[in-house]
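Welcome to a short tour of one protein chain. Please have the sequence and the structure open side by side as you read.

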Amino acid sequence: MRTRNPRRPPEYYMRMALRMARQCPGLPYPNPWVGCVIVRDGRVVGKGFHHGAGTNHAEVEALKDAGPRARGATLYVTLEPCCHHGRTPPCTEAILKAGVREVVYAIKDPNPRVAGKSNRLLQRRGLRVQGGVCSAEAAALNEMYVKFQSTGMPFVTAKVATSLDGKIATRTGQSKWITDKEARRRARLLRAEHQAVLVGINTVLSDDPHLGPRTRSTAEPWRIVLDSRLRTPVGCQVVKSGKCIVACTTSASAANKARLERAGVRVLSFRGKRVPLRALLKRLAKEEIISLMVEGGGETLGSFFDVHLVDRVCWFLSPIILGSSRSRVAVAGIGASRLNQATRLHPATIEPVGNSWLITGRTPSPAARHFA
């Protein structure tokens with residue numbers, strides 16, 4: 001006699017869907033990471049995940065996998081299904097057409113075009129709908145997408161590598177290498193989580209950094225340079241990458257702008273004496289760049305902290321002491337005049353990486369509030 005499969009709690013299937021979401025081979029941005037599992041009579045009959053912008057959403061992939069077995073089933077998905085026409089048709093239409101009986105999702109989609117509308121639509125059509133299953137895990141998975149949809153701004157990670165005394169270079173400017181190979185490898189993996197990497201012009205002029213993941217299997221990020229006067233050399237590595245954006249002011253030389261554009265650089269101009277960071281981030285968001293890693297130098301990092309644009313800090317701390325008041329500090333800018341103005345990371349974790357430590361924490365930013 002055939003036995004029925006045991007019924008498991010919703011969290012079991014949602015965690016399976018969360019694992020599916022991470023199977024996307026590259027960054028799905030500007031879309032979210034989404035996984036979907038379809039269950040009927042305690043048996044998983046369909047699985048799917050979103051492969052990136054312009055491809056089928058996870059729900060459609062799972063419904064195709066399930067076929068007619070989706071009728072009367074429960075669909076578990078890590079994000080509220082979409083109900084609008086974008087690059088692809090609404091997932092709610094596919095769910096209704098397949099005859100799904102119940103939809104369970106982890107978090108509400110912060111996209112204003114969805115944001116609870118799908119929940120209400122499906123309930124009006126007679127489906128049982130439940131939200132909030134494994135919500136903390138799902139929100140953490142999509143923290144960059146949540147920040148982008150909630151604020152219209154990219155998610156910003158500040159990545160720093162310093163000596164124990166907080167220095168990024170000696171008093172003579174030597175900086176290679178403060179951290180060991182394992183820490184630098186981990187830093188490149190962090191780069192691969194972002195669509196763009198940003199540095200200031202002084203870092204380009206002094207270090208000529210590559211700013212890429214250096215692995216063929218990983219997509220190249222945009223290199224963004226803050227360069228008010230357009231001093232970026234056309235022969236530097238960020239320009240040669242073929243994916244370089246230089247942000248300058250309108251007072252910059254027209255000849256220098258033309259020179260960089262001939263080299264394939266996208267030049268973004270802003271009014272003022274310095275590039276306004278908030279305006280720059282809004283411009284990048286319009287270009288569907290929703291994740292950005294800021295790598296330095298000290299003045300650049302300090303300016304991001306001064307205007308409270310950092311969401312996450314990844315700080316590599318090496319067991320080396322450089323000394324000297326003339327050594328370059330990791331975070332400059334205006335800084336805090338009182339301790340109650342200091343940027344505090346919460347929650348914060350620390351882990352060994354090679355011969356260094358990696359301290360990771362969230363700031364009191366709009367994105368961080370989703371994890372409070």
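Two strands count as paired if DSSP finds at least two bridges between them. In this predicted model, strand β1 (residues 35-40) and strand β2 (residues 43-49) are joined by six bridges in the antiparallel sense.

## The nine-stranded sheet

Now turn to an open sheet of nine strands with mixed pairing, in the order β11-β10-β9-β8-β12-β6-β13-β16-β15. Its edge strands, β11 (266-270) and β15 (348-353), each pair on one side only. On average, neighbouring strands of this sheet are turned by 20 degrees against each other, direction ignored.

Within the sheet, β8 (residues 196-200) and β9 (residues 222-226) run parallel and share five bridges. Here Gly200 stands opposite Leu226 in β9.

## Helices on the sheet

Helix α11 (residues 277-286) packs on the sheet and touches β6, β8, β9, β10 (244-249), β11 and β12. The direction of α11 makes about 135 degrees with that of β11.

Helix α6 (residues 143-151) lies across β6 (155-162), β12 (291-296), β13 and β16 (356-362), and runs at about 130 degrees to β6.

## A nonpolar surface patch

On the surface, Leu164, Ile321, Ile350 and Trp357 form a nonpolar patch, together having about 430 Å² of accessible area. One of them, Ile321, sits in the loop between β13 (312-317) and β14 (328-329). Ile321 counts as exposed because its relative accessibility is 65%, and the cut-off for exposed is over 50%.

Methods: Residues are numbered from 1 along each chain as its sequence is written. This is a predicted model: local features need pLDDT of at least 70, side-chain atom pairs count only at pLDDT 80 or more; totals for chains, interfaces and linings use all residues. Side-chain values use heavy atoms; hydrogens and water are left out. Helices (H or I, at least four residues) and strands (E, at least two) are DSSP runs, numbered from the N terminus. Patches are made of residues with over 30% relative accessible area and no salt bridge: like charges are joined within 9 Å, nonpolar side chains (Val, Leu, Ile, Met, Phe, Trp, Tyr) within 5 Å. Accessible areas come from the Shrake-Rupley method with a 1.4 Å probe; for residues, only the protein chains shown count as cover. A salt bridge is a side-chain nitrogen of Lys or Arg within 4 Å of a carboxyl oxygen of Asp or Glu. Buried means under 20% relative accessible area, exposed over 50%, partly exposed in between (1.4 Å probe, protein chains only). Axes are lines fitted to C-alpha atoms, for helices over the stretch in contact, and angles run from 0 to 180 degrees between N-to-C directions. Contact means heavy atoms within 4.5 Å.
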